Amino acid sequence: MSDNTIIQFDQVTKKFDDAIVLDSVSFKIERGKFYTLLGPSGCGKTTILRLIAGFTEPSSGSIYFDGKVINDVPANKRQVNTVFQDYALFPHLNVFENVAFGLKIKKMKKAVIGEKVKEALKFVNLEGYENREINEMSGGQRQRVAIARAIVNEPEVILLDEPLSALDLKLRTEMQYELRELQQRLGITFIFVTHDQEEALAMSDEIFVLNHGIIQQSGTPTDIYDEPINRFVADFIGESNITAGVMIEDYKVSFAGKEFICVDRGLNSNEPIEIVIRPEDLAITVRDEGKLRVRVDSQLFRGVHYEICCYDEFENEWLVHSTKKATVGEEIGLTFDSEAIHVMRFNESEEEFDKRLEAYVEKDHAN
Amino acid sequence: MQTKSRNFYLFPYTFWIALFVLAPLGLVLFYSFTDLNGEFTLGNYGAFFTSTYLQLTLSSFWYAFLIAIFSLLVAYPTALLLTKTKHKQLWLLLIIVPSWINLLLKVYAFLGIFGTYGPVNALLEVAGIGPQQLLFTDFSFVLVSVYIFIPFMILPIFNALDKLNPSIVDASRDLGASSWTTFRHVIFPLTIDGVRAGCQLVFIPSLSLFMITRLIAGNQVTTLGTAIEQHFLVTQNWGMGATIAVFLIIAMVIIMFLTGKRGMTNGKKA
Amino acid sequence: MEKKRKWPAIYLSIVFVILYAPIFYLMYYSFNSAGTMYSFDGFTLDWYREVFQDTRLLVIVLNTVINALLSAVVSTIIGVFGALAIMYVKTQRIKNTLLSLNNVLIVSPDVIIGASFLILFTIIGIQLGFTSVLLAHIAFSVPIVVIMVLPKLQEMSPALIDAARDLGASRFEVLSKVILPYITPGIFAGFFMALTYSLDDFAVTFFVTGNGFTTLSVEIYSLARQGVSLTINALSTIIFLVTIGLVIGYYFISRQSGGLTGMGVRK
């Protein structure tokens, strides 16, 4: 185990009655990074958080903290603190008392507590709010109190359970910047749970994409966005055009009735695969100049771009994000670079997938 | 690990349940099978199925039914009109306040109001009917009971009406229903739970409250409650009293089953 | 239109007049020097004087209040334990069973409660009197406290307990620093309800009180059975004022706890 690892899951399984919520999950969390657990509701992301916090125990497997198994350590003895989804601020205590709660439990001296609370509130830009009641605070302010209450205990890891989901869009974007900045200033590990892919892409050093109690893919935001491992990840992170195809040979793939040059290799010849092309990688051109010929079905103006929905002759849907306007009902051509084609094998494990991608990189270097 | 330490809250509470809920019920059942000397007998049940007790049960139910119907007739329009007032919570509070006054005092007031020289008889005299014997009749018993129980009936109906989404009523009007059709086919069916709860809150006490009967109706009316009190505290025939109590409990369970469980938490002790 | 709007007001007025008339009728004649509940003769405070000079009556009032306070305190403690117990039971079936058993005494008619407690106290050999009345009042107040406290517990987000644990609180600290302060309004409401139920109870007390011990309700009943006596009227005016005071007090308690959760009709 490298020195930088603070939390490790080793084949952790969690069952509620007979339902498997987490299925033999293993991963490592390093110190000082911003992690995001991303997935739809019920994927197991909150369960991972609760296991780390100590609110539930694993059905099997081990959880390590700083190299020691902590399966049986109760929540109040763990060096992690949580920012809850609905903040879970104590309504009968004011802002100061909420933030001081953990310190008072530790029986710290009054003066020290006052000092630390003041500092923590300053950290989250809430100086002077000590004596406010919780119900006098706005959603964004409560959010900050919850963060202050967590960081004041100087934990090694802060767990954030969808803390921005209750805020409106503008405030949410603002808090994304703030949280990211806060994490960098504090230099401690943040583990952030969300179902919002944009939030995950914007804030994280590392993202774990979860579904059905299994980590589907982990990596940096760009890795995951550019090279989704499977249909679920491609679909969940950003919008994608996913079509069935066949890998004819290295660098040659066929889909939508045509053959295309691509950058993928090392697959079996004639292996059935799925290909992904992001809508923003498709460009509109005149009918006969495109790699694909499609009919424009509908068009929505999205502000930054037009979202154009087209169908090819095989009735495959192609979603295009373009700054150029199209005409509904007209036939147009679509072009794209060969790098835009991303090939996904069926049932490929994350390990195999990583190996394949690494091989491409080596090849590139060799060239 | 977690469950073990929590069980300790259960201890005083289950002790209370065992001693004051289960034991008394069991004892009532046990005593219903004993005679005056404490020997086992089925005689009490035999006695209950004679005409005297069956008639008593029947008339007790009949009075409870009358009281519930009249209370409903007064309470429903009141509740409906209350929901349309401006400060409805305040008005509701004012309806409830009289129910917080000791029941005995309210009943006692009627000793004066219905008395030979009381205001009601004075009114009858003016109307040319002449003074009547009002106290110690079943009429006065029903009337006083209705008076006592009206707030019990109003509260659950008011709550049901208050919860009703106003746009449902608007929708009904919008679709061409008259006020009466709207009431009959929309408002009333949607507030039937409140009516049920109210009837439960009125019906069960009507069967059992013995002090109204004793003070207002003299010996003219005997309800199941009066009979139980009589057997336990006057004739000291606990076995027979317990038998009637068993039937009162059965009646209560049936009524609660018919009117739905919702009334239990809605209203208070009766 | 005008006519239509009038009828509801008239109907409501009549209902209000009928609801309050007997109470004010009682109060009005408490000042009647003639000593009857008809033909008002002249104003007098004699009946009030009589109430305050009747030491027997004052002792009964004192007994009633002491009994109510004691039973409210004990039943509040047991009731809070009960609410916590119900809250923490994990099996839904056990939870429902406990709730049903809790509600038995709330829905049971007073005669049944009174009669069955009479049997119980006789069997286990508790002398009828202060003890039996106190025990009976505690017994029927416990489920009311549970009913008042439980919603507060249920409305409390479980995340609050997690948050307290997360911040290092032990199980006892979670209870004393988070749960109890949070449900305090419910506890007060429960205590208040238990107090008023005890003060007001007649039927159960009537069954389990012996010859030596009487509460106010029982005393009023026996006085009323002897016929009209204006000391009762004077007493009822006082009780009415005290009740109004308690209602206002309760109103403020429940307003603090956010809403008239427990305000209900009472016997």
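**Figure 1. Domains of chain A in the predicted model.** In this predicted model, the domain assignment divides chain A into domain 1 (5–226), domain 2 (239–280 + 336–367) and domain 3 (283–334). Taken over C-alpha atoms, the centres of domain 1 and domain 3 of chain A are separated by 42 Å.

**Figure 2. The annotated span of chain A.** An unreviewed UniProt entry lists residues 7–237 of chain A under "domain: ABC transporter".

**Figure 3. The surroundings of A:Glu133.** A:Glu133 is found in the loop that runs between helix 3 (110–123) and helix 4 (139–151) of chain A. Because there are 11 C-beta neighbours inside 10 Å of A:Glu133, and a residue with 12 or fewer is classed as exposed, A:Glu133 counts as exposed. A:Pro91 is 42 residues away from A:Glu133 along the chain, yet the C-alpha atoms of these two residues are separated by 7.8 Å.

**Figure 4. The fold of chain B.** Chain B contains 15 helices and zero strands, and its C-alpha trace spans about 75 × 70 × 30 Å along the principal axes. Of the 270 residues in chain B, 46% are buried. When contacts in chain B between residues at least 6 apart in sequence are considered, 72% of them join residues that are at least 24 apart.

**Figure 5. The side of chain B that touches chain C.** Two pairs of chains touch in the model, and the pair formed by chains B and C has the most contacts. At this interface, 74 residues of chain B are in contact with 65 residues of chain C. Helix 2 (residues 10–31) of chain B supplies the largest share of the chain B side, with 13 residues. By residue class, the side of chain B that touches chain C comprises 54 nonpolar, 13 polar and seven charged residues.

Technical notes:
Residues numbered from 1 in each chain as written. Chains lettered and ligands numbered in written order. Predicted model: local features only at pLDDT ≥ 70, side-chain atom pairs only at ≥ 80, totals over all residues. Helix = DSSP H or I, 4+ residues; strand = E, 2+ residues; numbered from the N terminus. Buried ≥ 20, exposed ≤ 12 C-beta atoms within 10 Å, placed from the backbone. Contact = placed C-beta atoms within 7 Å. UniProt positions renumbered as here; feature names shortened; annotations may be inferred. Domains from an automatic or database assignment. Nonpolar A, V, L, I, M, F, W, Y, C, P; charged D, E, K, R; others polar.
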